[in-house]
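Hi everyone, thanks for coming. Have the viewer open while I talk, and stop me whenever you like.

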Number of protein chains: 2
Amino acid sequence: MPDPATNLPEAVTVDDTALRAYFGYRMKRCFNAIQADLAQALKPFELRMLTFTALALVVENPGLRQSQLAEAMDVERPNLVTVVEELVRRDLITRDRVPTDRRAYSLEATAAGKRLFADAAAAVEAHEKTLLAGLDPQLRAGAIEAMHHIEKGRQRG
Amino acid sequence: MPDPATNLPEAVTVDDTALRAYFGYRMKRCFNAIQADLAQALKPFELRMLTFTALALVVENPGLRQSQLAEAMDVERPNLVTVVEELVRRDLITRDRVPTDRRAYSLEATAAGKRLFADAAAAVEAHEKTLLAGLDPQLRAGAIEAMHHIEKGRQRG
DNA sequence: TATTGTTATACTCTATAACTATA
DNA sequence: TATAGTTATAGAGTATAACAATA
């Protein structure tokens, strides 16, 4: 039954026709949903998306420097300091001076770090499987391709 | 030439194989890029993505209540207070008590609000056109469909 | 009791400027 | 001079708890 004052149904059915077509709008809503879900999936490991991503890249790239990590993660260097600190404090990665360049630090995952990453990665994969359940694999691949394309295009322009 | 200390090339070519496949990772990077770009496109109108979205929904749904707006935007009610305040202060929307429910407020766009929205929407459309240039229209539609599917699926689960 | 909007508050992510120590 | 990492700081987005007014 519509509310006579607003002429809108009591149940919320808001018209977002003008926004639906916007890629950015759709993306924001979807990303918020994923982000919130993923945070839950990572909670048992006391990881956030940011720390999980950093750990993944260090595991996969032993000897990585912080500046390289920052560039790979597409965040500014200062924002990585606390992330690296946290992973070091938890003995998930080590952080040693590079002998040939004493300004730089070399990051490496510890055995514990590799173990935690493996477990967390499995949880993330399970989460994504649930998240993307019922989604045509071709649609999924297409979406990933589209997002990659947009990201690359922006770097050029 | 590889750095002998890290055994990594000096030029940053970090391996993110383990992350590439993650929808969330790809999405985060892409969304960050879009968000930063869109903020630039909206700057001339002194709008952010959040205020633009709110304005769009009010223009399209005259008489909307704040709680409906919050639900439509998928944010918690408290986070909308300053957004609505800002739009009211700039005379882009009005905010009147609902006679039949004196707890609620009814939001409506002013003539100036509608004008600004039309102009901003044109800028956003131009921005998206640039952003998605070179992207197969079918890929774009597929990506939007995938994102919508994921968002809806999360609400169910 | 429940709901609308509000206040207060806190946490996360992000960015910029300026510093240090090295190169 | 330039670069790696740091500190300090600020801004935006988000969430929760508790409140007043009203239903």
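I'll go through the DNA contact, then the contact between the chains, then a few spots inside the protein.

Some housekeeping: this is a predicted model, where local features need pLDDT of at least 70, side-chain atom pairs count only at pLDDT 80 or more, and totals for chains, interfaces and linings use all residues. Residues are numbered from 1 along each chain as its sequence is written, chains are lettered from A and ligands numbered from 1 in the order in which they are written, and side-chain values use heavy atoms, with hydrogens and water left out.

Okay, DNA strand C. It is surrounded by 21 residues, and the closest are A:Arg48, A:Asn79, B:Gln66, B:Ser67 and B:Arg95. Near, for us, means that a heavy atom of the residue lies within 4 Å of the strand.

Now some individual distances. With B:Tyr105 a backbone N or O atom is 3.0 Å from a phosphate oxygen, while for B:Arg103 a side-chain N or O atom is 2.9 Å from a base oxygen. On chain A, α5 (78–89) and β5 (101–109) each give two or more residues to this surface, and on chain B so do α2 (23–42), α4 (66–73), α5 (78–89) and β5 (101–109). Helices here are DSSP runs of H or I with at least four residues, strands are runs of E with at least two, and both are numbered from the N terminus.

Next, the two protein chains. How many residues does the contact take from chain B and from chain A? It's 73 from chain B and 73 from chain A, with contact meaning heavy atoms within 4.5 Å. The buried area is about 6900 Å², and carbon and sulfur atoms give 66% of that. That area is the accessible area (1.4 Å probe) the two parts lose on being put together, summed over both.

The rule finds four salt bridges across this interface, each being a side-chain nitrogen of Lys or Arg within 4 Å of a carboxyl oxygen of Asp or Glu. One pairs A:Glu151 with B:Arg29, at 2.6 Å from N to O. On the side of chain B that touches chain A, α7(B) gives the most, with 14 residues.

Now for the inside. Beyond its neighbours within four places in sequence, A:Asn61 is in contact with A:Leu107, B:Val14 and B:Asp15.

A:Met73 sits in helix α4 (residues 66–73) of chain A and is buried too, at 8%. Not counting residues up to four places away in sequence, A:Met73 touches A:Leu50, A:Thr53, A:Ala54, A:Leu57, A:Leu80 and B:Arg29. B:Arg29 is also the salt-bridge partner of A:Glu151.

Last stop, α4(B). Six of its eight residues are buried, so this helix is largely enclosed by the rest of the structure. Among the buried ones are B:Gln66, B:Leu69 and B:Met73. After the helix comes B:Asp74, with a positive phi near 60 degrees.

That's my tour, thanks.

Methods: A polar contact is a pair of N or O atoms within 3.5 Å; within protein, one must be able to donate a hydrogen and the other to accept it, and residues adjacent in sequence count only if both atoms are side-chain atoms. Buried means under 20% relative accessible area, exposed over 50%, partly exposed in between (1.4 Å probe, protein chains only).
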